[in-house]
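Hi,

Here is the structure I said I would pass on.

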Amino acid sequence: MRKSRRGVRRRQKEKLTIRQKLSALLLWIFEIIVVVLFAFVLVFFFGQTRSNIGQSMELTLADGDRVLLNTFNYRVGSPKRGDIIAFKPNGSEASYTHIKRVIGLPGETVQIKDGMIYINDKIFLEKTDYPAMNNAGIASEPITLGVKEYFVLGDNRNDSEDSRYADIGLVNSDYIEGKVYYRISPSKTVGFVN
């Protein structure tokens, strides 16, 4: 009788340790899956990179600067005036990504007169002192933005291909890839982008 009780107890202990090991293994697998999913979400929404091409954003970004995009921000909200965005002009997948600053928002009327930006017939005074624009392009006449359209300019206002020109034009929200928020290279200029 004692031998059989000892055998039963030993088998119960063995089953318990097998259950504990299986439970620990499943917990470990679950933790790995959670970490991998978290990393994927983090990279997908905040870790996509783009390169600034050309001098159109100089003062803020130089040619060749690599930046991080926040793609989550515009899934739950919309671009604000002053945001620096990355977009594909006219949604063209063949085109490289452009990086510009949002000036005009949906429903507004934008015009450039005498080198100054007018939004809804009022002069728009920017926080940064940009030089007066020599060429108003198509914005020499008032442009009323549609419900999904944004008017963008490069910070280097006199050397930028932006919404003033038909090749870029107004930017549809469907073609915006994300908000530029952090410069990752070159190493001497790493930091948040304003």
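Predicted model: local features only at pLDDT ≥ 70, side-chain atom pairs only at ≥ 80, totals over all residues.

Some housekeeping first. Residues are numbered from 1 along each chain as its sequence is written, and side-chain values use heavy atoms, with hydrogens and water left out.

**Strands**

Helices (H or I, at least four residues) and strands (E, at least two) are DSSP runs, numbered from the N terminus. Two strands pair if DSSP finds at least two bridges between them. For accessibility, buried means under 20% relative accessible area, exposed over 50%, and partly exposed in between, with a 1.4 Å probe and protein chains only.

I'd start with β4 (residues 98-104). Seven of its seven residues are buried, so the strand is largely enclosed by the rest of the structure. On one pairing, β4 runs antiparallel to β3 (residues 84-87) with four bridges, and F87 sits opposite H98. β4 also pairs with β9 (residues 149-153), again in the antiparallel sense, over three bridges; there R101 faces L153.

β2 (66-70) is mostly covered too, with four of its five residues buried. Its antiparallel partners include β1 (residues 48-51), joined by four bridges, where T49 is the bridge partner of L68. Five bridges tie β2 to β11 (residues 176-185), also antiparallel, and R66 stands opposite S185 in that pairing.

Then there is an open sheet of four strands in the order β7-β6-β5-β8, with antiparallel pairing. β7 and β8 are the edge strands, each with a single partner, so one side of each has no neighbour in the sheet. Between β6 (residues 116-119) and β7 there are two bridges, and I119 has K122 as its bridge partner.

**The largest pocket**

The volume comes out at about 240 Å³. On a 1 Å grid over the protein atoms alone, a pocket is an open set of points where a 1.4 Å probe fits, with protein on both sides within 12 Å along at least five of seven lines; lining residues have an atom within 4 Å of a point. Grid points are joined across faces, edges and corners, and the volume is the space filled by probe spheres set on the points.

The lining is T60, R81, G82, R101, I103, F124, L125, E126, K127, T128, Y130 and N194. By class that gives four nonpolar, four polar and four charged residues (Ala, Val, Leu, Ile, Met, Phe, Trp, Tyr, Cys and Pro count as nonpolar, Asp, Glu, Lys and Arg as charged, and the others, Gly among them, as polar).

Two of the lining residues deserve a second look. L125 is in the loop between β7 (122-123) and β8 (143-144), and is exposed at 68% relative accessible area. R81 lies over the face of F124, 5.5 Å from the ring centre; a charge sits over a ring if NZ of Lys or CZ of Arg is within 6 Å of the ring centre and within 35 degrees of the ring normal. K113 also has its charged end over a ring, that of Y118, at 4.4 Å from the centre.

**Aromatic pairs**

How many aromatic pairs does the whole structure hold? The search finds three. Rings of Phe, Tyr and Trp (its six-membered ring) pair if their centres lie within 6.5 Å; planes under 30 degrees apart count as stacked, over 60 as edge-to-face and the rest as tilted.

F46 and F72 have ring centres 6.3 Å apart and planes at 50°, so they are tilted. That pair links distant parts of the chain, with F46 in helix α1 (residues 2-46) and F72 in the loop between β2 and α2 (73-76), 26 residues apart. Y181 and Y182 are tilted as well, because their planes are at 45°, with centres 6.4 Å apart. Y181, Y182 and F192 form one aromatic cluster.

S185 and P186 are joined by a cis peptide bond, with omega about 5°. L59 has a positive phi near 95° without being a glycine, and is exposed at 71%. N120, also not a glycine, has a positive phi of about 50° and lies in the loop between β6 and β7.

Cheers
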